[in-house]
Amino acid sequence: MIASEETFRRLMTKAQAGDKLCYSSLLTECEKWLRRYYAHKINPAAIDDLVQETLISLHRKRASYDPARPFLPWLAAIGRYRWIDSLRKIYRHEHDQLYEEMAADPQDETVAAKVSLERLLDRIPPKQAEVISLVKIEGLSILEASAKTGQSESLVKVNIHRGLKKLSSMVETE
Amino acid sequence: MMSDMMINRLVEDLTPVKPLKNRNGFALTLAVAAVVAVLVALLAGVRGDLLMGMPHPMFFLRGGALLLLGLTSSYAVIAMSQPAVGNSFKGWIWALAAALLFPATAAVMAMMTRPDDMAILVARYGVECLTVSMLAGLGIAAAQVLWLRRGAPVALERAGWLVGMSSGALGAAAYGLHCPFNSIFYIGLWYSLAVALCAIAGRLLVPRLIRW
């Protein structure tokens with residue numbers, strides 16, 4: 001079970017004040033939350049790095065959290081920012097790992113839906129979202145994505161570039 | 001496990017932090033803008049009608065539009081230091097629409113009548129307006145960039161545009177204390193150019209300064 005919004009907020013507020021015990025619990029809970037958040041939205045080979053990079057960002061930018069506001073939308077904004085950054089870096093990974101099955105967390109479904117990566121991908125044109133999913137998430141080559149979608153190779157590249165640019169301008173969009 | 005080791009390292013590294021407060025960032029921007037305005041007034045001088053206590057209505061219209069644009073977009077910039085899915089700061093769009101009435105009016109009037117004041121064609125005045133506005137804006141932009149670097153802006157390009165536009169508008173408002181021209185053609189051309197150039201400079205330079 002993953003912590004609730006209220007628990008996250010309380011732990012973070014204490015962590016900002018320097019409470020190491022609370023911070024350790026917070027990071028452990030955030031790690032679990034982020035693994036679910038990124039599941040199926042990044043190549044499995046890249047998920048460890050992405051979760052770690054996001055936790056490091058959380059650490060470096062912890063003063064940017066306002067204790068008067070909900071925690072998860074803040075964490076999700078940082079998560080989305082690092083995710084897009086990570087998609088830009090990924091070219092092709094061999095698929096030697098299977099996706100882990102992740103059960104939905106019943107506690108925060110409403111919040112999770114609002115801040116999800118799926119929702120962000122739904123906001124860009126379907127052709128751009130499709131090639132980003134195929135090449136950057138599933139790990140297909142440009143050639144394979146071109147054959148699968150019927151888009152020319154150069155169009156696949158252009159759509160990936162435009163899609164990522166658009167995604168990065170919509171990190172805070174619900 | 002790798003993550004556990006990293007979490008332990010981060011916990012070891014924890015020091016107390018004071019959460020950023022938007023009002024402090026906004027107050028910093030206002031303070032720098034006020035200093036810049038005083039410097040412009042001291043170094044370049046205050047326009048005559050203002051000194052005599054009888055300012056032309058255009059002084060208030062121009063200054064008001066620039067201040068509204070500068071303040072609303074500055075607030076958006078400062079708020080971007082605290083990211084969250086669901087954030088939305090769009091008040092500046094209306095202020096921009098209002099400010100655009102100046103170049104739009106100038107363009108329409110230019111089509112109907114010959115500009116009444118040929119000063120708009122004298123590059124010396126226009127370049128002075130551009131230079132002072134942009135220099136004044138630079139100080140304000142520096143304060144905003146420093147604030148953003150403390151925070152975690154997630155839309156870097158938008159932040160760049162907004163830093164440029166807001167600092168340019170506040171810088172131009174400061175220059176307005178000195179600028180003696182009231183012509184809609186002059187304001188529509190040179191002031192718009194000053195804010196637009198600052199916005200472009202912001203878009204080009206700021207993202208690389210605030211990336212994290």
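Me: Where is A:His40 placed?
Reply: This is a predicted model. In it, A:His40 sits in the loop between helix 2 (20-38) and helix 3 (44-60) of chain A.

Me: And what is phi of A:His40 near?
Reply: Phi of A:His40 is near 70°, which is a positive value in a residue other than glycine.

Me: Why does A:His40 count as partly exposed?
Reply: Because A:His40 has 16 C-beta neighbours inside 10 Å. A residue is buried at 20 or more and exposed at 12 or fewer, with partly exposed in between.

Me: Switching to the core. How many residues has the largest nonpolar core?
Reply: The largest nonpolar core has 107 residues, and A:Ala77, B:Ala159 and B:Ala194 have the most contacts inside it. Helix 9 (residues 184-210) of chain B gives the largest share of this core, 13 residues. At least three residues come from each of domain 1 (1-94) and domain 2 (123-174) of chain A.

Me: What does B:Ala194 touch?
Reply: Not counting residues up to four places away in sequence, B:Ala194 touches B:Cys129, B:Leu130, B:Ser133, B:Met134, B:Gly168 and B:Ala172.

Me: Back to chain A. At what angle do helix 7 and helix 8 of chain A pack?
Reply: Helix 7 (residues 126-137) and helix 8 (residues 142-149) of chain A pack at an angle of about 140°, and their axes are 9 Å apart. That makes helix 7 of chain A oblique to helix 8 of chain A.

Me: Is that crossing left-handed or right-handed?
Reply: The crossing of helix 7 and helix 8 of chain A is right-handed.

Me: Which residues meet there?
Reply: From helix 7 of chain A, A:Glu130, A:Val131, A:Leu134 and A:Val135 meet A:Ile142, A:Ala145, A:Lys148 and A:Thr149 in helix 8 of chain A.

Key:
Residues numbered from 1 in each chain as written. Chains lettered and ligands numbered in written order. Predicted model: local features only at pLDDT ≥ 70, side-chain atom pairs only at ≥ 80, totals over all residues. Core = buried A, V, L, I, M, F, W, Y, C linked by C-beta atoms within 7 Å. Helix = DSSP H or I, 4+ residues; strand = E, 2+ residues; numbered from the N terminus. Domains from an automatic or database assignment. Contact = placed C-beta atoms within 7 Å. Axes fitted to C-alpha atoms, helices over the stretch in contact; angles between N-to-C directions. Parallel < 35°, antiparallel > 145°, perpendicular 65-115°, else oblique. Left-handed = near helix turned anticlockwise from the far one by under 90°.
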